[in-house]
Amino acid sequence: MEDDKILDLFFERQENALKETELKYGRKLFRLAMNVLNNKPDAEECVNDTLLKAWEAIPPNRPDAFGAFLAKIVRNLSINKWKAKGAVRRGGGEADLLLSELEDCLPSTKDTPEEVYESRFVTKAIDGCLNSMDQTARVVFVLRYFHGESILGICERFNMSESKVKSLLFRARKKLKAHLEKEGVTL
């Protein structure tokens with residue numbers, strides 16, 4: 001079913017919207033959650049919570065990119081669950097590695113009102129940097145740092161060597177850091 005039709009079901013408050021959403025996006029959302037959590041029950045819970053959040057948000061919102069809207073929700077829920085569980089009990093998820101790779105080129109946040117306001121500026125700056133990258137670098141960066149894809153998974157997906165993927169990611173992080181500094185973002 002097309003996204004517009006699924007969204008129409010949400011606006012009509014038909015529970016079938018959840019079933020159609022799960023049929024179309026369930027596996028992708030589960031994979032994204034698993035990349036962060038590496039725990040099947042927790043990933044399934046995040047997918048279910050994503051469907052609930054979508055039900056609560058639609059209407060009044062009508063996302064332009066429904067798949068990206070859902071991916072953002074499941075990613076945030078997964079990261080929050082990962083943080084809540086603590087590093088010792090996590091059991092091999094990639095989230096700690098991903099965050100450590102990005103810590104040199106992203107500002108820290110404290111979730112104060114000022115930080116939340118500034119995060120919008122940072123988000124626009126990151127988008128600007130991503131838009132300036134060539135398509136391969138941008139896709140690899142998003143797969144790694146938004147979707148939590150492993151380096152080996154990216155290698156297999158694009159038939160690249162591990163050193164090529166690591167090199168692309170290193171250059172992308174370096175470019176992001178320089179771009180943010182140029183935009184006046186304090187790291």
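# Close-up views of an all-helix predicted model

View 1. Ser78 has its place in helix H4, residues 66–85; helices (H or I, at least four residues) and strands (E, at least two) are DSSP runs, numbered from the N terminus. This is a predicted model, in which local features need pLDDT of at least 70 and side-chain atom pairs count only at pLDDT 80 or more, while totals for chains, interfaces and linings use all residues. Residues are numbered from 1 along each chain as its sequence is written, and side-chain values use heavy atoms, with hydrogens and water left out. Why does Ser78 count as buried? Its relative accessibility is 0%, and buried means under 20% relative accessible area, exposed over 50% and partly exposed in between (1.4 Å probe, protein chains only). Leaving aside neighbours within four places in sequence, Ser78 is in contact with Ala33, Val36, Leu37 and Cys46, where contact means heavy atoms within 4.5 Å.

**View 2. The whole chain, for orientation.** The protein chain has ten helices and zero strands, so a helix here always means a DSSP run as defined above. Of the 187 residues in the protein chain, 38% are buried. Among contacts in the protein chain with a separation of 6 or more, 64% are between residues 24 or more positions apart.

**View 3. The largest nonpolar core.** The largest nonpolar core holds 25 residues, and those with the most contacts inside it are Phe10, Leu29, Cys46, Phe66, Leu70 and Val74. A nonpolar core is a set of buried Ala, Val, Leu, Ile, Met, Phe, Trp, Tyr and Cys residues joined through side-chain atoms within 4.5 Å. At least two residues of this core come from each of helix H1 (3–11), helix H2 (16–37), helix H3 (40–57) and H4. Which helix gives the most to this core? H4 does, with eight residues. Not counting residues up to four places away in sequence, Phe10 touches Ala17, Leu18, Thr21, Ala54, Trp55, Ile58, Pro59 and Phe66. A second, separate core has 21 residues, including Leu130, Met160, Leu180 and Val185.

View 4. Ile58 and Pro59 are joined by a cis peptide bond with omega of about -20°. The bond from Pro59 to Pro60 is cis as well, with omega near 15°. Pro59 sits in the loop between H3 and H4, and Pro60 is found in the loop between H3 and H4 too. For background, most peptide bonds are trans, and most residues other than glycine have a negative phi.

View 5. Arg13 is not a glycine, yet has a positive phi of about 60°. Arg13 lies in the loop between H1 and H2 and is partly exposed, with a relative accessible area of 38%. Asn38 has a positive phi of about 55°, although Asn38 is not a glycine either. The place of Asn38 is the loop between H2 and H3, and at 40% relative accessibility Asn38 counts as partly exposed.

**View 6. Helix H9 and what covers it.** Which residues of helix H9 (residues 151–158) are buried? They are Ile151, Gly153, Ile154 and Cys155. The cover over the buried residues of H9 includes helix H8 (135–145) and helix H10 (162–182). Just after H9, Asn159 takes a positive phi of about 55°.

**View 7. Where H8 crosses H10.** The axes of H8 and H10 come within 9 Å and cross at roughly 90°; axes are lines fitted to C-alpha atoms, for helices over the stretch in contact, and angles run from 0 to 180 degrees between N-to-C directions. H8 and H10 are therefore roughly perpendicular to each other. Angles under 35 degrees count as roughly parallel, over 145 as roughly antiparallel, 65 to 115 as roughly perpendicular and the rest as oblique. Thr136, Ala137, Val140, Phe141, Arg144 and Tyr145 in H8 meet Val165, Leu168, Leu169, Ala172, Arg173 and Leu176 in H10.
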